[in-house]
Amino acid sequence: MLFLLFGSSASGKTTLMHDVLPLVDRIDAHDFDELEPPPGADTAWRHGANGAWIDKALALQRDGIDLLLCGQTPIGEVLAAPNADQIEAISACLVDCDDETRAARLGHRGESWFERTAGPLIDSFTWPEWLQLHLNWADWLRRHAEDPTWMPHVIRIAETEATMEWGRWSSWRAGDARWRFDVIDTSSLSRDNAARALAQWVEAERDRLRAGLHPLAAGVWGG
């Protein structure tokens, strides 16, 4: 299986990914940015990188290991990746926090983080503007997790239109059983409780697959 933890910066994804590992078995965990995004990495780059991570999940799958992947990739992009329908099952969880918490966490990262993440765009944005972009992205991800029809043009771009399989879910609507994603809000949740919640989610999704009830199992969706 592929377990996707997605969310905007400072949600707590990477911390949560590491904290849950002692609580679950048969799982390999990675941060999306291990692929080292180039300066100015854009949506088209992310679409290509999605395919590389799915290839990793398929390799692990052959050995009976699941992949836990954390990053900012929206679930809609993963489902539209050309090779995504080969995954045994795909489950996703939005890791989120309120705007005040996110702003404080990003502020603690300091100016070096701003310079590194803004990259070649640093002359185009002030720190408050860069912070607002992350808050806007967090809001879009929340809405995307609730409704597949919410502003899909944000991720559906001309550069990759010929390779991405958007038609797999473009006709789905809010409330569709296949568009079913949990949320872990880390605003006030302790690290221990967040890790336990994630571990319980992983096992529940595995149980769903074993029972033949997973709506994003291979052969059930994507056709």
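Colleague: Why is D139 called partly exposed?

Modeller: D139 has a relative accessibility of 31%. Buried means under 20% relative accessible area, exposed over 50%, and partly exposed in between (1.4 Å probe, protein chains only), so D139 at 31% counts as partly exposed. This is a predicted model, in which local features need pLDDT of at least 70 and side-chain atom pairs count only at pLDDT 80 or more, while totals for chains, interfaces and linings use all residues. Residues are numbered from 1 along each chain as its sequence is written, and side-chain values use heavy atoms, with hydrogens and water left out.

Colleague: What makes D139 and R143 a salt bridge?

Modeller: Their closest N and O atoms are 3.0 Å apart. A salt bridge needs a side-chain nitrogen of Lys or Arg within 4 Å of a carboxyl oxygen of Asp or Glu, so the pair D139 and R143 qualifies. Both residues belong to helix α5 and, because they are four residues apart, about one helical turn separates them. Helices (H or I, at least four residues) and strands (E, at least two) are DSSP runs, numbered from the N terminus. R143, at 36% relative accessibility, is partly exposed.

Colleague: Which residues join D139 and R143 in one network?

Modeller: D96, D99, R102 and R142 do, through salt bridges that share partners. By the same rule, 17 salt bridges are counted.

Colleague: How do you know that D96 and R142 form a salt bridge?

Modeller: The N to O distance between their side chains is 2.5 Å. D96 sits in strand β4 and R142 in helix α5, so this pair links distant parts of the chain, 46 residues apart. D96 is buried, because its relative accessibility is 9%.

Colleague: Why is the pair D25 and R206 said to tie together parts of the chain?

Modeller: D25 is in the loop between α1 (13-20) and β2 (27-31), whereas R206 is in helix α6 (residues 191-210), so the parts they join are 181 residues apart in sequence. Their side chains meet in a salt bridge at 3.3 Å, N to O.

Colleague: Are D25 and R206 buried or partly exposed?

Modeller: D25 counts as partly exposed at 46% relative accessibility, whereas R206, at 3%, counts as buried.

Colleague: What makes D66 a polar contact of R206?

Modeller: Their side chains come to 2.9 Å. A polar contact is a pair of N or O atoms within 3.5 Å; within protein, one must be able to donate a hydrogen and the other to accept it, and residues adjacent in sequence count only if both atoms are side-chain atoms. D66 belongs to strand β3 (residues 66-71) and is buried at 5% relative accessibility. Leaving out residues up to four places away in sequence, D66 touches R206 and others, including M1, F3 and R26; contact means heavy atoms within 4.5 Å.

Colleague: What makes the 35 residues a nonpolar core?

Modeller: Such a core is a set of buried Ala, Val, Leu, Ile, Met, Phe, Trp, Tyr and Cys residues joined through side-chain atoms within 4.5 Å. In the largest one, with 35 residues, F6, I75, L79, I90 and W169 touch the most other members. Helix α2 supplies the largest share, six residues. I75 is in contact with F6, I90 and W179, among others, leaving aside neighbours within four places in sequence. A second, separate core has 23 residues, including L5 and L198.
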